[in-house]
Amino acid sequence: MNIMNSLYRLFQGRHGSLGSILLLAIILMVVMPMMFDIYRLNLAGRYLTYAFVALGLVLCWGYGGILSLGQGIFFGIGGYAMAMFLKIEASDPVSTSIQSTPGIPDFMDWNRLTELPWFWVPFNSLTLTIIAVLVLPAAFAYLIGFAMFKRRVSGVYFAIITQALAVVLTILIIGQQGYTGGINGITDLRTLHGWDIRDDSARYLLYYLNAILLIGCLLIGRWVLNCKYGRILSALRDKEDRVRFSGYDVANFKIFIFCLAAFISGIGGAMFTLQVGFMSPSFIGIVPSIEFVIFAAVGGRLSLVGGVYGALIVSFAKTMFAEAYPQLWQFLIGAVFIVVVLVLPYGLASVYGRYGRRLFTPVKDWFSKRKANSSGASAGLKEKRS
Amino acid sequence: MSGFSSQELLAIFAMQGFAGVSFFSVLLLMALGLAIIYGQMRVINMAHGEFMVIGAYATYLCSITFGALPGMMDYYLFIAIPIAFGSAFIVGYIVELALIRHLYHRPLDTLLATWGLALIMQQGFRSAFGAREVSVAVPGWLRGSYRPTMMIDIPLNGIAILVLTLLVTLGVWWFLYRSRWGLRVRCTTANRDMSGAVGINTKRVDRITFALGCGIAGIAGAAFTTISSTGPTSGSLYIVDTFLVVVFGGAGSLVGTIASAFSIAQAQSLMEFFLGSSMAKVLTLLTVIGILLIRPEGLIASKVRR
Amino acid sequence: MSSNTDFLLSIENLTVSFDGFKAIEGLNFYMDENELRVIIGPNGAGKTTLLDMVCGKTRASEGSIKFKGKELTRMREHRIVWEGVGRKFQTPSIYEELTVFDNLEVSYPQGRGVFGALAFKRDEQVLRRIHEVANEIQLEDRLEEQAGLLSHGQKQWLEIGMLLIQDPELLMLDEPVAGMSVSEREETAKLLRKIAQGRSVIVIEHDMEFVASLGGKVTVLHQGKILAEGDMQALKQDKRVIDVYLGH
C-alpha cells in the first residue's frame, strides 16, 4: 500500500505538484520531439533555455517578492562562459592560420590583440568552464544580493538597480570589442571537444540534455519551496518585519533565492549557447531581461511549471507573429504585459487553477479513496502532512 | 590627464561642463516628472521616456507646419513647447484613467504594465512617423555659440535649454509648494485617507499629477529635439538614467533631484572626454549604484518615523 | 554599574531623535525577571518607539539597553530575538496567505539560518509544540485555515502565539487588545496573565480597565521621559499623571 501512498503524494504538494512536473516532462521529452522536425525542436530547445530564467524568476519574484529586471546578466554569464570555451576550441591555430596571430579568436585578431587575455585562459578547460557556468552566475548574484539586501534595498529600487546593472554589462561587452566580440557577440561556434554541435543528432541530444536539466531545476525549485525555507520565503513577501523580528536574518534568505535563480538562469544561458551556436549582448540587456519577466508573468508567477509554459508560448507566438506581422507583434506583446498585470496577475496557471484542474479531479479522487481505504482513518491525512 | 596643460584642462572642464548642461536639462526635466509621479502615487512609469518622445514628435510636427509659414521659423519653438506639454499631458491623463489608477500600491506591477505601454507607444510612433529618426530645424538664433575665450565654445541652444529647464523647475516648485493644487498634492502624498476625509478628491489629484508629470516629460521632449534627432525608441535610452536620477536624489525631494541630475550629467560629460562615452556611462552608473548602496535613501532624505 | 546585571532589562540614558525631535530623551527603565509591566501614556509619548528600540527596529542616538547584561543597541535584529526578546506589533502582523499552522511553524525557533530552514524536519516534537501553543491561543481547531480569514482578535492571538512558540524571556506587546470586543479582552487578559508565568512581559496599553485587570507595575511615559512609576492605585492619585494623561 506504500506505493499507493507515494503515488498519492506525487500529486500532492502545494507548490508545483510532481504531477504537473511529470506532465511537463512527458510533453517535453515525448510529445514535442514527436510533433516537431529538428528545426522546430531546436527552436523549442532555445525557448526552453529562456524557461530556466523564467523558473528563476518564479522563485525569486513570484515566491520571494524580489523582482529583478537584470536576469539577463546571469543568462549572459552562463552563455558567455560556454561561448568562450567553444570559441577557443574553434580558434585553433590551423583554422585561424590566416590571422596575424593564429590561435586566438578572430575578433581579438581584428582588434590587434596578440594573446589570449588572462580571463580567457581558464576557458581552455571544459571542466573549468562547467564550473564557471555553475558558479559564476550565483557568485555574481551573491555579490549583488549581499550589497543590496544587507542594505535593505528592495522592491522598486532593487528592480531599477538590477536593470541598470544589466545596462552596464551590455555597454561593457559592446565597448570592449577586443575582449568580448562586441555587439556581434561570440559567433561561429562549431564543436565541443571535437563533437559537432550543429548536426542533427547533436541537436537532438542537446535538446534532451536541456529538457532533463530543466526538469532537474524544477525539482530543485519544488524542493526548496516545500520545505520550511519556502514558507519563510512566502512569509517574507507578506510581512518582512515580522519575519525579521521572529529571529531570521532576512537578507540571507533573499540572497539565497536570488542566487538560486541566478544559478538556474546560468545553466539556461550555457544551454542556449550550445544549441544556438552563438552568444551576444542582445540576450543580456533591458529588453531580454524584461522579456524573461513576462514569460514568468504569463505562465504564472506562482507556478513553477508556469514559467516554462510561458516561455514556450510567448516565444513561439513571437516567432509566428514577428514573421508575419512584425508591427502587430509589438502591440500584442505590449498588450500582454498590460492584460497580465490587470486581469491575470497569476498568469495562465490561475486560469488552469480555476477551470483546468477539474479535468484531473477524478484521478485525484480515485487516489484519495485508495489512500483513505488503505490507511483506515482519513483523519490522519491532514494532521501528518510531510 | 598628464598630456594636458592646466589651462587646457580648465578649458576642457568648462566645455565638457557646458556640453553636460544640455544632458542635465533633459535629465532633470524627465526626472522631475518621474519624481512627482513616484512621490505622489508610488507608480513607476516605465513609459516615461515615451512621453518625452511624444513631446519631441509634437515639436517636430510644429516645426514642419509652422516652420513652413513665412517668418515663423524662428519662433515656432514658443508654440511647440506648450503643444508638446499639452499633448503629453492629455495622453498621460488618458493613460491614468485607463490603466494606472487600477495599479496603485502595486509598484512592481505598474513597472510591468507601463513597460507594456511603452512597447505599444513605441510601435505607435513607428507606425505614424516611420522607423527613421527625424530631426528638427533649429531656429537661427539658437544656432550660434558663445565664445568667451579662444578655447571655450558654448552652444547657444544649450543655454536656451538650461533657461527653459530652470523656468520649468521653478514652475514645478511654485505649483507644488505655493499653489492650492500643490497643497492638495502634498496632502494626498502625506496621508491619502485623511485627505479624502477632508474633502480632497484624491483620485482627481492623482490624475492631474500623473498627467502633469507626463506633460513635463513632453517639455523634455521639446528640449531634446534641439540636441538630438528623434526616433521611436529615443525615450527608452533615457529611462534608466532618469530612474537613477530620481532614486539617487532621494525620491520626493526637489532639491535632491536637481542635485543628482546635475552630478550624474556632469560626471558623465566630463568622463566622456577622457574615457569615451561607453566607459563614462559604465563608470557613472556604477558610481551611482555604489553610492546608493551606501546611502539607500538617496542624497537628500526625508526623515520620517516609519 | 554592577547593579545593572541584576535586572533582566536595564535601559539607561536612552535618547533618540528624529531630525531634532527627541522621541525618547534620557530615559532610564529597569525590569526584573518574571515581571509584568504596563506602559501607559498619551499619544506621542514614545511608547512604541521604546519597544522599537529594545527590539532593534529603531537605533538609539545615545544610551544603552542591556538585556541579561548584554548590550542590545548595536546588536542586529534577529540576534536580539535569539537572545530571547519577542515583539508583537500594534496591528496584527501575521502571514495572511499562510495557514495558522504554517504561521506557527515559520516562527518555530529552529532552522533559523538559510540552510537550517532547508534541512528543517517537521518531527513529532515540532508538531507537539505547535499544537500546544495553538491550544493555548484557542486556535487548535483552526490550524489548517488560512490566517487571513481569522477574526481581528484571533489574529492578535495568533501573533502572540507566534511569539510564545519561541519561548522568549521578554515579551513586548504593543496594544494587544486594541479593536477587540469585551469578551475577547477578557480572554486576552487571562492569556497574558498565564503567559507572564515564567517570563517578563511589557504591555503598552491605553485601556485603563484592562491595565487594572492585568495587575503589575505601571510606568507612565510623557514626552519621551518617565513621568511616574508604581502600581495603578498610587498613580491614580498622582497629580502629574492625572494632568497629562488620566484627566480630571
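Student: Which residues of chain B does UniProt list under "transmembrane region"?

Tutor: The unreviewed UniProt entry lists residues 12-39, 51-69, 75-95, 107-125, 154-176, 210-231, 237-261 and 273-294 of chain B. Keep in mind that we are looking at a predicted model.

Student: How much helix does the model show over residues 51-69 and over residues 75-95 of chain B?

Tutor: Over residues 51-69 of chain B, the chain is 84% helix and 0% strand, and the end C-alpha atoms are 27 Å apart. Over residues 75-95 of chain B, the figures are 95% helix and 0% strand, with the end C-alpha atoms 31 Å apart.

Student: Let me try one residue. Where is B:Leu283 found, and which residues is B:Leu283 in contact with, leaving aside its neighbours within four places in sequence?

Tutor: B:Leu283 belongs to helix 11 (residues 277-294) of chain B. With those neighbours set aside, its contacts are B:Met271 and B:Leu275. B:Leu283 counts as partly exposed because 15 other C-beta atoms lie within 10 Å, a number between the cut-offs of 12 or fewer for exposed and 20 or more for buried.

Student: Now for helix 5 of chain C. Which of its residues are buried, and which are exposed?

Tutor: First, the general idea. An α-helix has 3.6 residues a turn, so residues three or four places apart point the same way. In helix 5 of chain C, the buried residues are C:Ile130, C:Val133 and C:Ala134. They cover an arc of only 100° around the axis, so they sit on the same side of helix 5 of chain C. On the other side, C:Glu124, C:Gln125, C:Arg128 and C:Asn135 are exposed.

Student: What do the buried residues of helix 5 of chain C pack against?

Tutor: Their packing partners are helix 3 (100-107) and helix 6 (152-164) of chain C.

Student: What span should helix 5 of chain C have at 1.5 Å a residue?

Tutor: Its 13 residues (124-136) should span 18 Å, and this agrees with the model because the end C-alpha atoms are 18 Å apart. Just after this helix, C:Gln138 has a positive phi of about 60°.

Student: In what order do the four strands of the open sheet in chain C come?

Tutor: The order is 2-1-4-5, with antiparallel pairing. Strand 2 (21-31) and strand 5 (70-71) of chain C are at the edges, each with a single partner strand, so one side of each has no neighbour in the sheet. Strand 1 (residues 9-18) and strand 4 (residues 62-67) of chain C are joined by five bridges, and C:Glu12 has C:Ser64 as its bridge partner in strand 4.

Student: Which strands does helix 1 of chain C lie across?

Tutor: Helix 1 (residues 47-54) of chain C lies across strand 1, strand 2 and strand 4 of chain C, at about 65° to strand 2.

Conventions:
Residues numbered from 1 in each chain as written. Chains lettered and ligands numbered in written order. Predicted model: local features only at pLDDT ≥ 70, side-chain atom pairs only at ≥ 80, totals over all residues. Helix = DSSP H or I, 4+ residues; strand = E, 2+ residues; numbered from the N terminus. Contact = placed C-beta atoms within 7 Å. Pairing = 2+ DSSP bridges. Axes fitted to C-alpha atoms, helices over the stretch in contact; angles between N-to-C directions. Expected span 1.5 Å × (residues − 1). Arc of directions from axis to C-beta. UniProt positions renumbered as here; feature names shortened; annotations may be inferred.
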